[in-house]
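This report is a first tour for a reader new to the structure. Please look over the sequence and the fold, then read on.

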Amino acid sequence: MQKNIPVTWSSMPTFEEYCETIRPLWDSRWLTGRGALHREFEEELKKYMQVPNVALFANGHVALEVTLQTAALKGEVITSPFTHISTSHSIVRNGLTPVFCDINEEDLTIDETKIESLITDKTCAIVATHVYGYVCHVEAIEKIAKKHGLLVVYDAAHAFGETINGVGVGNFGDASMFSTHATKVFQTIEGGIVSYNDKERFAAIEQITNFGIVGNFGVAGKDTIEYVGTNARMNEMEAAMGLCNLRHIDEEIAKRKVLADRYTERLSDVKGLRLLKPQQGVKYNYAYYPVIVDGFTISRDELIAELNKHSISARRYFYPSVDSAECYEGKYSAENTPVSHYYADRAMVLPMYADLPMEDVDRICDIIIGGRNV
């Protein structure tokens with residue numbers, strides 16, 4: 001029986017390291033509500049990510065949703081359709097209207113040359129996604145935003161630990177959301193991180209995360225509820241996992257790079273497969289290994305099925321183009337975002353995680369190359 005190769009596999013510290021980190025919780029019984037580990041994790045993240053401010057969340061989706069709520073936006077938000085459905089959901093759930101801008105073919109991020117044509121007097125923000133760790137064209141987006149007075153928020157779920165010309169990716173735009181879900185390159189079991197630059201503009205982010213409470217809830221004369229908030233706090237067990245994994249993140253990324261280089265070596269000359277090229281000045285985290293199946297002897301979905309026959313998990317990612325999701329039926333036309341739809345039908349990601357054996361990478365490549373004869 002062949003060994004199953006998952007599309008991802010969580011990187012974890014040793015059992016002993018994690019247990020030692022959570023040991024103080026058995027004395028304090030402080031398991032949630034921004035305890036000592038939560039605060040320590042925030043400080044360590046600011047140093048590693050090279051950002052001035054961070055806020056921790058129960059998951060990446062609610063992190064993005066609360067960020068938009070904190071900014072008190074109204075109107076339309078220009079965003080990418082080639083992303084996880086969570087991105088547009090966070091916009092809609094804030095009473096805002098997504099306006100989908102097509103993507104560029106080079107790195108599948110939002111096409112900044114098409115943004116200005118979509119700006120109206122109702123436009124309040126741009127929410128753009130760093131796709132597979134390939135970063136948006138941040139300088140061009142910044143110029144557009146400044147010209148029109150727009151907020152810029154990046155869905156950086158895939159981009160933890162990356163830098164652009166030596167600057168932490170979380171410094172660009174007004175805020176950036178990083179997912180720390182168990183499947184991500186850096187995980188806290190479940191969770192999310194928001195980095196932001198303007199402390200005054202996002203002053204309410206922690207209060208909204210905590211039911212909208214300002215002050216010490218339950219202490220007479222010390223608390224008020226000023227916002228319609230939610231419960232989105234990261235707990236201490238998750239913060240502990242983050243602290244442990246942060247100690248090893250550079251080593252984990254280095255392991256991923258070796259595997260990515262092997263994929264590239266084996267697949268770069270295969271006709272009908274397109275690999276995305278590295279972006280100049282970007283230090284990657286190798287969170288994913290995307291492949292575009294275009295002109296191959298079998299389709300993307302047939303190739304995934306062929307890998308599945310060999311107990312290898314690959315997945316369509318992102319699919320479908322968000323503007324064609326059932327919840328938006330009849331509201332958007334695919335004719336306005338043809339590039340996103342084109343790649344949603346052809347993009348896939350191969351197994352990628354730090355503990356993936358090199359021989360498994362070779363087996364995956366052998367099957368893909370053999371797929372030309374299927």
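In what order do the three strands of the open sheet stand, and is the pairing parallel or antiparallel? The order is 7-6-13, and the pairing is antiparallel. Strand 7 (167-168) and strand 13 (282-283) are at the edges. Each has a single partner strand, so one side of each is left without a neighbour in the sheet. The model shown here is predicted.

Strand 6 covers residues 163-164. Two bridges join strand 6 to strand 13, in the antiparallel sense. Here threonine 163 faces across to lysine 283 of strand 13.

## Overall build

The protein has 11 helices and 16 strands. Its C-alpha atoms fill a box of roughly 75 × 55 × 40 Å along the principal axes. How does the radius of gyration of the protein sit with that of a compact globule? For 374 residues, such a globule would have a value near 21 Å. The protein has 21 Å, which agrees.

Buried residues account for 54% of the 374 residues. Contacts can also be sorted by distance along the sequence. Take those with a separation of 6 or more: 70% of them join residues 24 or more positions apart.

Strand 2 runs over residues 76-79 and is covered on both faces. On one side, Glu76 and Ile78 are buried. On the other, Val77 and Thr79 are buried too.

Strand 2 pairs with strand 3 (residues 97-100) in the parallel sense, over four bridges. Glutamate 76 is set opposite threonine 97 of strand 3. Strand 2 also runs parallel to strand 4 (residues 123-129), and four bridges join the two. In this pairing, threonine 79 is opposite valine 127 of strand 4.

Which helix belongs with strand 2 and strand 3 in a β-α-β unit? That is helix 5 (residues 85-92), and the unit is right-handed.

## Cysteines

How many disulfides does a search of the whole structure find? The count is zero. A disulfide needs the two sulfur atoms within 2.5 Å. Cysteine 136 has 3% relative accessibility, so it counts as buried.

Cysteine 327 is in no disulfide either. The nearest cysteine sulfur, in cysteine 124, lies 19 Å away. At 43% relative accessibility, cysteine 327 counts as partly exposed.

## Salt bridges within helices

Side chains of opposite charge can pair when their charged atoms come close. In the whole structure, a search finds 23 salt bridges. Among them is the one between lysine 146 and glutamate 142, with the closest N and O atoms 3.8 Å apart. These two residues are four apart in helix 6 (residues 138-148), so about one helical turn separates them. Is lysine 146 buried or exposed? Lysine 146 is exposed, at 65% relative accessible area. Glutamate 142 counts as partly exposed, at 31%.

Glutamate 251 and lysine 255 also meet in a salt bridge, at 3.7 Å from N to O. Both are in helix 8 (residues 236-267). They are four residues apart, so about one helical turn lies between them. Glutamate 251 has 45% relative accessibility and counts as partly exposed. Lysine 255 has 31% and counts as partly exposed.

Helix 9 (residues 300-309) holds both lysine 309 and glutamate 306. They are three residues apart, about one turn of the helix. The two form a salt bridge, with the closest N and O atoms 3.5 Å apart. Which side chain is exposed, with 63% relative accessibility? That is lysine 309. Glutamate 306, by contrast, is buried, with a relative accessible area of 14%.

Some salt bridges share partners. In this way Arg262, Glu265, Arg266, Asp362 and Asp366 are joined into one network.

Notes. Residues numbered from 1 in each chain as written. Predicted model: local features only at pLDDT ≥ 70, side-chain atom pairs only at ≥ 80, totals over all residues. Heavy atoms only, no water. Pairing = 2+ DSSP bridges. Buried < 20%, exposed > 50% of the residue type's maximum accessible area, 1.4 Å probe, protein only. Right-handed = clockwise from strand over helix to strand, strands pointing away. Salt bridge = Lys/Arg side-chain N within 4 Å of Asp/Glu carboxyl O. Rg over C-alpha atoms; globule rule 2.2 N^0.38 Å. Contact = heavy atoms within 4.5 Å.
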